[in-house]
Amino acid sequence: MPGKVILGAQWGDEGKGKFIDIFAGEADLVVRSQGGNNAGHTVVVNGETYKLQLIPSGILYKDCVNIIGPGVVVDPRAILKEIDGLAAKGVSADKLFIDARCHCILPWHLELDALSEKARGGDDIGTTKKGIGPTYMDKAERIGVRMHDFVGGRFEEAMREACARKNKVITGVYGGDPVDIEAVLAEYRGYAERLRSHVRDTTVMTYEAVKSGKNVLFEGAQGTLLDLDMGTYPYVTSSHPVSGGCCIGSGVGPTAITEIMGICKSYTTRVGKGPFPTELFDETGDYIRKAGGEFGTVTGRPRRTGWFDAVIARYAVRVNGLTELVINKIDPLCGLPKLKVCVAYDFKGERLTEFPADFADLEHCKPVYEEFDGFTEDITGCRSFDELPVSVQDYIRELERICGCRVSMLGVGPARDQVIAIR
Ligand code: IMP
(Lines give C-alpha, C1' and ligand atoms only; values in the text may rest on other atoms or scores of the structure.)
Protein backbone atom coordinates (compact mmCIF):
# COMPACT_ATOMS: atom_id res chain seq x y z
CA MET A 1 0.00 0.00 0.00
CA PRO A 2 2.65 2.62 1.17
CA GLY A 3 0.79 5.70 -0.17
CA LYS A 4 -2.61 4.72 -1.53
CA VAL A 5 -5.27 7.13 -2.72
CA ILE A 6 -8.87 5.92 -2.96
CA LEU A 7 -11.10 8.34 -4.80
CA GLY A 8 -14.41 8.62 -6.61
CA ALA A 9 -14.18 8.23 -10.38
CA GLN A 10 -17.71 9.47 -11.10
CA TRP A 11 -19.99 12.08 -9.41
CA GLY A 12 -19.43 10.88 -5.84
CA ASP A 13 -21.45 8.21 -4.01
CA GLU A 14 -19.53 5.38 -5.72
CA GLY A 15 -19.43 3.44 -2.47
CA LYS A 16 -15.84 4.48 -1.67
CA GLY A 17 -16.53 4.03 2.04
CA LYS A 18 -16.46 0.25 1.85
CA PHE A 19 -13.12 0.10 0.03
CA ILE A 20 -11.63 2.80 2.22
CA ASP A 21 -12.74 0.76 5.20
CA ILE A 22 -11.16 -2.42 3.82
CA PHE A 23 -7.79 -0.69 3.31
CA ALA A 24 -8.07 1.40 6.50
CA GLY A 25 -7.74 -1.89 8.37
CA GLU A 26 -4.16 -2.18 7.02
CA ALA A 27 -3.30 1.53 7.26
CA ASP A 28 -1.14 3.21 9.90
CA LEU A 29 -2.54 6.58 8.93
CA VAL A 30 -5.76 7.61 7.15
CA VAL A 31 -5.81 11.14 5.75
CA ARG A 32 -8.70 13.27 4.50
CA SER A 33 -7.49 16.09 2.28
CA GLN A 34 -10.50 17.95 0.87
CA GLY A 35 -14.19 18.68 1.31
CA GLY A 36 -15.94 18.65 4.65
CA ASN A 37 -19.06 17.15 6.12
CA ASN A 38 -20.75 17.28 2.71
CA ALA A 39 -19.31 13.77 2.33
CA GLY A 40 -20.97 10.85 4.01
CA HIS A 41 -20.49 7.16 4.17
CA THR A 42 -21.81 4.29 6.13
CA VAL A 43 -19.56 1.55 7.42
CA VAL A 44 -20.85 -1.64 9.01
CA VAL A 45 -18.37 -3.28 11.39
CA ASN A 46 -19.34 -6.29 13.53
CA GLY A 47 -23.02 -5.59 12.90
CA GLU A 48 -22.72 -1.99 14.15
CA THR A 49 -23.49 0.81 11.67
CA TYR A 50 -21.30 3.92 11.68
CA LYS A 51 -22.16 7.00 9.64
CA LEU A 52 -19.03 9.05 9.02
CA GLN A 53 -18.97 12.46 7.39
CA LEU A 54 -15.74 14.18 8.27
CA ILE A 55 -13.81 11.79 10.46
CA PRO A 56 -11.61 9.37 8.48
CA SER A 57 -12.64 5.72 8.44
CA GLY A 58 -9.48 4.65 10.27
CA ILE A 59 -11.16 5.84 13.47
CA LEU A 60 -12.80 2.42 13.69
CA TYR A 61 -9.37 0.78 14.03
CA LYS A 62 -7.75 1.18 17.44
CA ASP A 63 -4.17 1.73 16.33
CA CYS A 64 -4.81 3.84 13.25
CA VAL A 65 -3.95 7.54 13.28
CA ASN A 66 -6.59 9.73 11.61
CA ILE A 67 -5.70 13.01 10.00
CA ILE A 68 -7.91 15.84 8.78
CA GLY A 69 -5.48 17.57 6.45
CA PRO A 70 -5.09 21.30 5.73
CA GLY A 71 -7.32 21.19 2.64
CA VAL A 72 -10.41 20.12 4.58
CA VAL A 73 -13.02 22.59 5.84
CA VAL A 74 -14.19 21.73 9.35
CA ASP A 75 -17.50 22.58 10.99
CA PRO A 76 -16.64 22.54 14.73
CA ARG A 77 -20.20 21.75 15.77
CA ALA A 78 -20.55 18.95 13.22
CA ILE A 79 -17.23 17.27 14.02
CA LEU A 80 -17.95 17.30 17.75
CA LYS A 81 -21.34 15.75 17.09
CA GLU A 82 -19.59 13.04 15.12
CA ILE A 83 -17.01 12.53 17.88
CA ASP A 84 -19.82 12.25 20.46
CA GLY A 85 -21.75 9.80 18.28
CA LEU A 86 -18.68 7.58 18.01
CA ALA A 87 -17.98 7.85 21.76
CA ALA A 88 -21.53 6.64 22.45
CA LYS A 89 -20.59 3.48 20.54
CA GLY A 90 -17.33 3.09 22.44
CA VAL A 91 -15.09 4.48 19.66
CA SER A 92 -12.36 6.82 20.89
CA ALA A 93 -11.23 9.93 19.01
CA ASP A 94 -7.86 10.07 20.80
CA LYS A 95 -6.05 9.42 17.53
CA LEU A 96 -7.90 12.09 15.55
CA PHE A 97 -5.84 15.12 14.51
CA ILE A 98 -6.99 18.24 12.71
CA ASP A 99 -4.53 20.42 10.86
CA ALA A 100 -4.02 23.91 12.29
CA ARG A 101 -4.45 25.31 8.76
CA CYS A 102 -7.97 23.93 8.20
CA HIS A 103 -10.61 26.58 7.64
CA CYS A 104 -13.63 26.54 9.93
CA ILE A 105 -17.19 26.34 8.68
CA LEU A 106 -19.06 28.83 10.85
CA PRO A 107 -22.77 29.74 11.18
CA TRP A 108 -22.52 32.55 8.61
CA HIS A 109 -21.24 30.05 6.03
CA LEU A 110 -24.31 27.86 6.50
CA GLU A 111 -26.51 30.93 6.20
CA LEU A 112 -24.74 32.11 3.05
CA ASP A 113 -24.91 28.67 1.43
CA ALA A 114 -28.70 28.68 1.83
CA LEU A 115 -29.10 32.33 0.79
CA SER A 116 -26.95 32.08 -2.32
CA GLU A 117 -28.70 28.89 -3.45
CA LYS A 118 -32.06 30.60 -2.99
CA ALA A 119 -30.89 33.68 -4.85
CA ARG A 120 -29.95 31.54 -7.86
CA GLY A 121 -33.63 30.67 -8.24
CA GLY A 122 -34.14 27.69 -10.52
CA ASP A 123 -30.46 27.80 -11.40
CA ASP A 124 -29.23 26.59 -8.01
CA ILE A 125 -26.29 24.16 -7.72
CA GLY A 126 -28.15 21.81 -5.40
CA THR A 127 -25.49 22.01 -2.69
CA THR A 128 -25.62 20.02 0.52
CA LYS A 129 -26.07 23.35 2.37
CA LYS A 130 -23.25 22.52 4.76
CA GLY A 131 -21.48 25.83 4.12
CA ILE A 132 -18.71 24.25 2.05
CA GLY A 133 -18.63 26.73 -0.86
CA PRO A 134 -18.81 29.91 1.27
CA THR A 135 -15.98 28.60 3.48
CA TYR A 136 -13.70 27.87 0.51
CA MET A 137 -14.66 31.32 -0.85
CA ASP A 138 -13.39 32.96 2.33
CA LYS A 139 -10.23 30.89 2.12
CA ALA A 140 -9.57 32.13 -1.43
CA GLU A 141 -10.42 35.69 -0.37
CA ARG A 142 -7.97 35.24 2.51
CA ILE A 143 -10.45 36.24 5.21
CA GLY A 144 -11.27 32.81 6.68
CA VAL A 145 -10.95 31.65 10.27
CA ARG A 146 -8.37 28.87 10.44
CA MET A 147 -8.20 26.24 13.17
CA HIS A 148 -5.15 27.82 14.79
CA ASP A 149 -7.19 31.02 15.21
CA PHE A 150 -10.25 29.15 16.39
CA VAL A 151 -8.55 27.18 19.15
CA GLY A 152 -5.89 29.82 19.86
CA GLY A 153 -5.62 33.24 21.47
CA ARG A 154 -7.29 35.05 18.54
CA PHE A 155 -10.61 33.18 18.87
CA GLU A 156 -12.82 36.11 19.79
CA GLU A 157 -11.08 38.66 17.58
CA ALA A 158 -11.10 36.40 14.51
CA MET A 159 -14.73 35.37 15.01
CA ARG A 160 -15.96 38.95 15.53
CA GLU A 161 -14.06 40.20 12.50
CA ALA A 162 -15.33 37.43 10.23
CA CYS A 163 -18.91 37.69 11.43
CA ALA A 164 -19.05 41.47 10.98
CA ARG A 165 -17.75 41.14 7.44
CA LYS A 166 -20.15 38.36 6.52
CA ASN A 167 -23.15 40.04 8.14
CA LYS A 168 -22.68 42.89 5.67
CA VAL A 169 -23.10 40.37 2.84
CA ILE A 170 -25.99 38.54 4.50
CA THR A 171 -27.98 41.73 5.11
CA GLY A 172 -26.72 43.97 2.31
CA VAL A 173 -26.60 41.53 -0.60
CA TYR A 174 -29.25 38.98 0.36
CA GLY A 175 -31.52 40.96 2.74
CA GLY A 176 -31.14 38.22 5.36
CA ASP A 177 -31.03 38.51 9.16
CA PRO A 178 -27.58 39.13 10.65
CA VAL A 179 -25.92 36.36 12.62
CA ASP A 180 -25.88 37.13 16.37
CA ILE A 181 -22.18 37.04 17.19
CA GLU A 182 -22.70 37.01 20.97
CA ALA A 183 -24.77 33.83 20.72
CA VAL A 184 -22.18 32.29 18.38
CA LEU A 185 -19.30 33.15 20.70
CA ALA A 186 -21.14 31.69 23.66
CA GLU A 187 -21.78 28.43 21.81
CA TYR A 188 -18.49 28.09 19.93
CA ARG A 189 -16.11 28.95 22.78
CA GLY A 190 -16.85 25.55 24.24
CA TYR A 191 -16.26 23.87 20.87
CA ALA A 192 -12.85 25.56 20.62
CA GLU A 193 -11.93 24.27 24.08
CA ARG A 194 -12.91 20.74 23.16
CA LEU A 195 -11.14 20.69 19.80
CA ARG A 196 -7.86 22.24 20.99
CA SER A 197 -6.14 18.97 21.90
CA HIS A 198 -6.82 17.58 18.41
CA VAL A 199 -5.25 20.49 16.49
CA ARG A 200 -1.66 20.41 15.27
CA ASP A 201 0.57 20.53 12.19
CA THR A 202 -0.55 17.23 10.70
CA THR A 203 1.68 17.62 7.63
CA VAL A 204 4.67 16.66 9.78
CA MET A 205 2.88 13.49 10.92
CA THR A 206 1.92 12.54 7.37
CA TYR A 207 5.42 13.24 6.06
CA GLU A 208 7.08 11.22 8.82
CA ALA A 209 4.74 8.31 8.17
CA VAL A 210 5.47 8.38 4.43
CA LYS A 211 9.21 8.72 5.03
CA SER A 212 9.34 5.75 7.36
CA GLY A 213 7.48 3.55 4.85
CA LYS A 214 4.24 3.26 6.81
CA ASN A 215 0.95 2.53 5.10
CA VAL A 216 -0.80 5.81 4.43
CA LEU A 217 -4.30 5.85 3.00
CA PHE A 218 -5.57 9.05 1.42
CA GLU A 219 -9.34 8.95 1.72
CA GLY A 220 -11.12 10.78 -1.10
CA ALA A 221 -14.48 12.47 -0.76
CA GLN A 222 -16.97 13.36 -3.53
CA GLY A 223 -15.76 12.39 -7.00
CA THR A 224 -13.77 13.41 -10.07
CA LEU A 225 -16.69 15.09 -11.85
CA LEU A 226 -17.40 17.24 -8.79
CA ASP A 227 -13.86 18.67 -8.86
CA LEU A 228 -13.82 22.47 -8.97
CA ASP A 229 -11.59 22.50 -12.07
CA MET A 230 -11.99 19.09 -13.67
CA GLY A 231 -15.68 18.55 -12.94
CA THR A 232 -18.88 19.69 -14.62
CA TYR A 233 -18.49 23.34 -13.59
CA PRO A 234 -20.47 25.13 -12.18
CA TYR A 235 -22.31 22.03 -10.90
CA VAL A 236 -19.39 20.97 -8.76
CA THR A 237 -18.16 21.19 -5.20
CA SER A 238 -15.56 23.77 -4.17
CA SER A 239 -12.61 21.46 -3.49
CA HIS A 240 -10.40 19.08 -5.46
CA PRO A 241 -11.46 15.43 -5.26
CA VAL A 242 -8.98 14.45 -8.01
CA SER A 243 -5.74 12.74 -6.99
CA GLY A 244 -3.71 15.95 -7.29
CA GLY A 245 -5.90 17.48 -4.60
CA CYS A 246 -4.57 14.90 -2.15
CA CYS A 247 -1.11 16.41 -2.17
CA ILE A 248 -2.19 20.01 -1.67
CA GLY A 249 -4.81 19.03 0.86
CA SER A 250 -2.58 16.84 2.99
CA GLY A 251 0.63 18.84 2.60
CA VAL A 252 2.81 16.12 1.08
CA GLY A 253 4.43 15.93 -2.34
CA PRO A 254 3.31 13.66 -5.22
CA THR A 255 6.13 11.19 -4.51
CA ALA A 256 4.22 10.15 -1.37
CA ILE A 257 1.62 8.49 -3.60
CA THR A 258 2.27 5.04 -5.01
CA GLU A 259 -1.21 3.72 -5.88
CA ILE A 260 -4.34 5.50 -7.09
CA MET A 261 -7.54 3.50 -6.96
CA GLY A 262 -10.63 4.94 -8.66
CA ILE A 263 -14.03 3.68 -7.54
CA CYS A 264 -16.91 3.44 -10.04
CA LYS A 265 -20.32 1.89 -9.77
CA SER A 266 -21.44 -0.43 -12.56
CA TYR A 267 -23.91 2.34 -13.39
CA THR A 268 -23.83 6.11 -12.87
CA THR A 269 -25.58 8.36 -10.35
CA ARG A 270 -25.50 12.01 -9.48
CA VAL A 271 -27.19 14.25 -6.93
CA GLY A 272 -27.88 17.91 -7.43
CA LYS A 273 -28.19 19.54 -10.81
CA GLY A 274 -26.16 19.51 -14.00
CA PRO A 275 -25.87 17.53 -17.24
CA PHE A 276 -25.80 13.74 -17.13
CA PRO A 277 -25.67 12.12 -20.62
CA THR A 278 -26.61 8.54 -19.66
CA GLU A 279 -29.39 9.53 -17.24
CA LEU A 280 -32.42 7.23 -17.38
CA PHE A 281 -35.90 8.65 -16.93
CA ASP A 282 -37.69 5.32 -17.40
CA GLU A 283 -38.44 2.21 -15.34
CA THR A 284 -34.84 0.95 -15.78
CA GLY A 285 -33.65 4.08 -13.94
CA ASP A 286 -36.19 3.44 -11.15
CA TYR A 287 -35.17 -0.22 -11.01
CA ILE A 288 -31.49 0.66 -10.54
CA ARG A 289 -32.30 3.38 -7.96
CA LYS A 290 -34.34 0.94 -5.92
CA ALA A 291 -32.01 -2.04 -6.28
CA GLY A 292 -28.96 0.09 -5.51
CA GLY A 293 -30.60 2.04 -2.64
CA GLU A 294 -29.64 5.26 -4.36
CA PHE A 295 -30.76 7.84 -1.82
CA GLY A 296 -28.32 10.39 -0.32
CA THR A 297 -26.51 9.58 2.95
CA VAL A 298 -26.29 13.27 3.86
CA THR A 299 -29.45 14.72 2.31
CA GLY A 300 -31.72 11.67 1.76
CA ARG A 301 -32.40 12.94 -1.78
CA PRO A 302 -33.16 10.31 -4.45
CA ARG A 303 -30.14 10.12 -6.74
CA ARG A 304 -30.42 10.48 -10.52
CA THR A 305 -29.46 7.19 -12.16
CA GLY A 306 -28.12 6.09 -15.55
CA TRP A 307 -25.99 3.57 -17.43
CA PHE A 308 -22.23 3.22 -16.98
CA ASP A 309 -20.45 6.00 -18.84
CA ALA A 310 -17.02 4.89 -20.05
CA VAL A 311 -16.23 8.35 -21.43
CA ILE A 312 -16.33 9.53 -17.81
CA ALA A 313 -14.37 6.51 -16.58
CA ARG A 314 -11.62 7.09 -19.16
CA TYR A 315 -11.52 10.76 -18.17
CA ALA A 316 -11.12 9.71 -14.52
CA VAL A 317 -8.30 7.33 -15.49
CA ARG A 318 -6.53 10.18 -17.28
CA VAL A 319 -6.95 13.12 -14.90
CA ASN A 320 -6.26 11.10 -11.76
CA GLY A 321 -3.52 8.88 -13.20
CA LEU A 322 -5.44 5.85 -11.92
CA THR A 323 -3.39 2.71 -11.41
CA GLU A 324 -6.51 0.58 -10.82
CA LEU A 325 -10.25 0.73 -11.14
CA VAL A 326 -12.91 -0.81 -8.91
CA ILE A 327 -16.33 -1.67 -10.31
CA ASN A 328 -18.64 -1.49 -7.34
CA LYS A 329 -22.33 -2.37 -6.96
CA ILE A 330 -22.67 -4.87 -9.77
CA ASP A 331 -25.43 -6.76 -7.94
CA PRO A 332 -28.12 -4.08 -8.47
CA LEU A 333 -27.98 -4.78 -12.22
CA CYS A 334 -29.21 -8.35 -11.63
CA GLY A 335 -32.39 -9.05 -13.59
CA LEU A 336 -31.84 -6.50 -16.35
CA PRO A 337 -31.85 -8.34 -19.69
CA LYS A 338 -29.22 -6.10 -21.32
CA LEU A 339 -26.48 -3.94 -19.83
CA LYS A 340 -25.58 -0.78 -21.69
CA VAL A 341 -22.24 1.02 -21.59
CA CYS A 342 -21.75 4.46 -23.10
CA VAL A 343 -18.51 4.28 -25.12
CA ALA A 344 -18.65 7.70 -26.83
CA TYR A 345 -20.91 10.72 -27.24
CA ASP A 346 -22.70 11.89 -30.33
CA PHE A 347 -22.19 15.67 -30.25
CA LYS A 348 -24.21 17.28 -33.03
CA GLY A 349 -23.29 14.44 -35.41
CA GLU A 350 -19.64 14.26 -34.32
CA ARG A 351 -18.34 11.26 -32.33
CA LEU A 352 -16.65 12.43 -29.11
CA THR A 353 -14.50 10.04 -27.14
CA GLU A 354 -13.08 12.61 -24.71
CA PHE A 355 -15.16 14.26 -22.00
CA PRO A 356 -15.94 17.86 -23.02
CA ALA A 357 -14.60 20.80 -20.99
CA ASP A 358 -17.78 22.88 -21.37
CA PHE A 359 -20.87 21.57 -19.62
CA ALA A 360 -23.03 23.33 -22.21
CA ASP A 361 -21.52 20.94 -24.79
CA LEU A 362 -22.18 18.02 -22.47
CA GLU A 363 -25.85 18.94 -22.44
CA HIS A 364 -25.94 18.22 -26.18
CA CYS A 365 -24.03 14.93 -25.94
CA LYS A 366 -26.07 11.84 -26.69
CA PRO A 367 -24.67 8.53 -25.47
CA VAL A 368 -23.43 5.96 -27.99
CA TYR A 369 -24.01 2.59 -26.36
CA GLU A 370 -22.56 -0.89 -26.60
CA GLU A 371 -24.85 -3.60 -25.25
CA PHE A 372 -23.89 -6.63 -23.19
CA ASP A 373 -25.84 -9.61 -21.90
CA GLY A 374 -27.35 -9.19 -18.46
CA PHE A 375 -27.51 -11.78 -15.68
CA THR A 376 -30.20 -13.21 -13.44
CA GLU A 377 -28.08 -15.18 -10.97
CA ASP A 378 -27.61 -13.93 -7.40
CA ILE A 379 -23.95 -12.85 -7.34
CA THR A 380 -23.89 -11.48 -3.79
CA GLY A 381 -22.29 -14.70 -2.50
CA CYS A 382 -19.51 -14.82 -5.12
CA ARG A 383 -16.01 -14.24 -3.73
CA SER A 384 -13.85 -15.03 -6.75
CA PHE A 385 -13.94 -13.87 -10.34
CA ASP A 386 -14.40 -17.43 -11.61
CA GLU A 387 -17.57 -17.89 -9.55
CA LEU A 388 -19.29 -15.05 -11.40
CA PRO A 389 -21.66 -15.87 -14.27
CA VAL A 390 -19.86 -15.78 -17.63
CA SER A 391 -21.87 -12.76 -18.77
CA VAL A 392 -20.65 -10.76 -15.73
CA GLN A 393 -17.05 -11.86 -16.36
CA ASP A 394 -17.36 -10.72 -19.97
CA TYR A 395 -18.92 -7.42 -18.90
CA ILE A 396 -16.01 -6.68 -16.55
CA ARG A 397 -13.37 -7.62 -19.11
CA GLU A 398 -15.09 -5.36 -21.64
CA LEU A 399 -15.19 -2.47 -19.15
CA GLU A 400 -11.49 -2.97 -18.53
CA ARG A 401 -10.80 -2.78 -22.26
CA ILE A 402 -13.07 0.20 -22.91
CA CYS A 403 -11.79 2.19 -19.91
CA GLY A 404 -8.12 1.39 -20.49
CA CYS A 405 -7.36 0.56 -16.88
CA ARG A 406 -6.90 -2.61 -14.86
CA VAL A 407 -9.97 -3.58 -12.84
CA SER A 408 -8.60 -4.77 -9.51
CA MET A 409 -11.72 -5.26 -7.39
CA LEU A 410 -15.46 -5.73 -7.69
CA GLY A 411 -18.25 -4.99 -5.25
CA VAL A 412 -21.12 -7.49 -5.12
CA GLY A 413 -23.02 -6.37 -2.01
CA PRO A 414 -22.99 -3.80 0.78
CA ALA A 415 -21.05 -5.78 3.41
CA ARG A 416 -17.33 -5.41 3.89
CA ASP A 417 -16.63 -8.95 2.70
CA GLN A 418 -18.83 -8.74 -0.40
CA VAL A 419 -15.91 -7.93 -2.67
CA ILE A 420 -13.89 -9.82 -5.23
CA ALA A 421 -10.19 -9.11 -5.64
CA ILE A 422 -8.93 -9.78 -9.17
CA ARG A 423 -5.31 -10.82 -9.44
P1 IMP B 1 -21.47 21.29 -1.92
O2 IMP B 1 -20.28 20.38 -1.87
O3 IMP B 1 -22.37 21.12 -0.72
O4 IMP B 1 -21.10 22.71 -2.18
O5 IMP B 1 -22.37 20.83 -3.16
C6 IMP B 1 -21.94 21.02 -4.51
C7 IMP B 1 -22.35 19.83 -5.38
O8 IMP B 1 -21.60 18.69 -4.99
C9 IMP B 1 -23.82 19.43 -5.25
O10 IMP B 1 -24.28 18.95 -6.50
C11 IMP B 1 -23.78 18.29 -4.24
O12 IMP B 1 -24.90 17.44 -4.37
C13 IMP B 1 -22.49 17.61 -4.65
N14 IMP B 1 -21.87 16.85 -3.57
C15 IMP B 1 -21.19 17.33 -2.50
N16 IMP B 1 -20.75 16.33 -1.73
C17 IMP B 1 -21.13 15.19 -2.31
C18 IMP B 1 -20.93 13.80 -2.02
O19 IMP B 1 -20.28 13.42 -1.03
N20 IMP B 1 -21.49 12.91 -2.90
C21 IMP B 1 -22.15 13.30 -4.01
N22 IMP B 1 -22.36 14.57 -4.32
C23 IMP B 1 -21.85 15.52 -3.50
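Colleague: Which side chain meets that of Asp-124 in a salt bridge?

Modeller: The side chain of Lys-273 does, with 2.8 Å from N to O; a salt bridge here is a side-chain nitrogen of Lys or Arg within 4 Å of a carboxyl oxygen of Asp or Glu. This is a predicted model, in which local features need pLDDT of at least 70 and side-chain atom pairs count only at pLDDT 80 or more, while totals for chains, interfaces and linings use all residues. Residues are numbered from 1 along each chain as its sequence is written, and side-chain values use heavy atoms, with hydrogens and water left out.

Colleague: OK, and how is the protein divided into domains?

Modeller: Domain 1 takes 3–99 together with 198–259, domain 2 takes 103–195, and domain 3 takes 264–421, the bounds coming from an automatic or database domain assignment.

Colleague: How many residues of domain 2 are in contact with domain 3?

Modeller: There are 7 from domain 2, facing 5 from domain 3, where contact means heavy atoms within 4.5 Å. The area buried between domain 2 and domain 3 is about 400 Å², with carbon and sulfur atoms giving 47% of it; that is accessible area (1.4 Å probe) lost when the two parts are put together, summed over both. On the domain 2 side, Asp-124, Gly-126 and Thr-128 lose the most area to domain 3, together 59% of what that side buries. The C-alpha centres of domain 2 and domain 3, for their part, lie 37 Å apart.

Colleague: How many salt bridges does the rule find across that interface of domain 2 and domain 3?

Modeller: It finds 1 across the interface of domain 2 and domain 3.

Colleague: How many salt bridges does the structure hold?

Modeller: The structure holds 31. Among them is the pair Glu-294 and Arg-303, whose closest N and O atoms are 2.8 Å apart.

Colleague: Are Glu-294 and Arg-303 buried or exposed?

Modeller: Glu-294 is buried, because its relative accessible area is 0%, and Arg-303 counts as buried at 6%; buried means under 20% relative accessible area, exposed over 50%, and partly exposed in between (1.4 Å probe, protein chains only). Salt bridges that share partners join Glu-294 and Arg-303 with Asp-13, Lys-265 and Lys-329 into one network.

Colleague: What about phi of Lys-329?

Modeller: Lys-329 has a positive phi of about 50°, although it is not a glycine. Lys-329 is in the loop between β14 (324–328) and β15 (338–347), helices (H or I, at least four residues) and strands (E, at least two) being DSSP runs numbered from the N terminus. Lys-129 also has a positive phi, near 60°, and is found in the loop between α3 (107–119) and α4 (132–141), where it counts as partly exposed at 44% relative accessibility.

Colleague: Switching to Arg-154, which side chain meets it in a salt bridge?

Modeller: That of Glu-157, at 3.5 Å from N to O. Arg-154 is partly exposed, with a relative accessible area of 31%, and Glu-157 counts as partly exposed at 47%.

Colleague: Now Gln-34: where is it found?

Modeller: Gln-34 is in the loop between β2 (29–32) and β3 (41–45), and it counts as buried because its relative accessibility is 4%. A polar atom of its side chain lies 2.8 Å from the backbone nitrogen of Ala-221. The Gln-34 side chain also makes a polar contact with the side chain of Gln-222 at 3.1 Å; such a contact is a pair of N or O atoms within 3.5 Å, in which, within protein, one must be able to donate a hydrogen and the other to accept it, and residues adjacent in sequence count only if both atoms are side-chain atoms. Leaving aside neighbours within four places in sequence, the residues in contact with Gln-34 include Gly-71, Tyr-136, Ser-239 and His-240.

Colleague: How many residues of helix α9 are buried?

Modeller: In α9 (residues 243–250), 6 of its 8 residues are buried, namely Ser-243, Gly-245, Cys-246, Cys-247, Gly-249 and Ser-250. Elements covering those buried residues include β1 (3–8), α8 (202–211) and α11 (310–320). Ile-248, also in α9, is exposed with a relative accessible area of 69%, and Gly-251, with a positive phi near 75°, follows the helix.

Colleague: Last one: which peptide bond is cis, with omega near 5°?

Modeller: The bond from Tyr-233 to Pro-234, with Pro-234 placed in the loop between β10 and α9.
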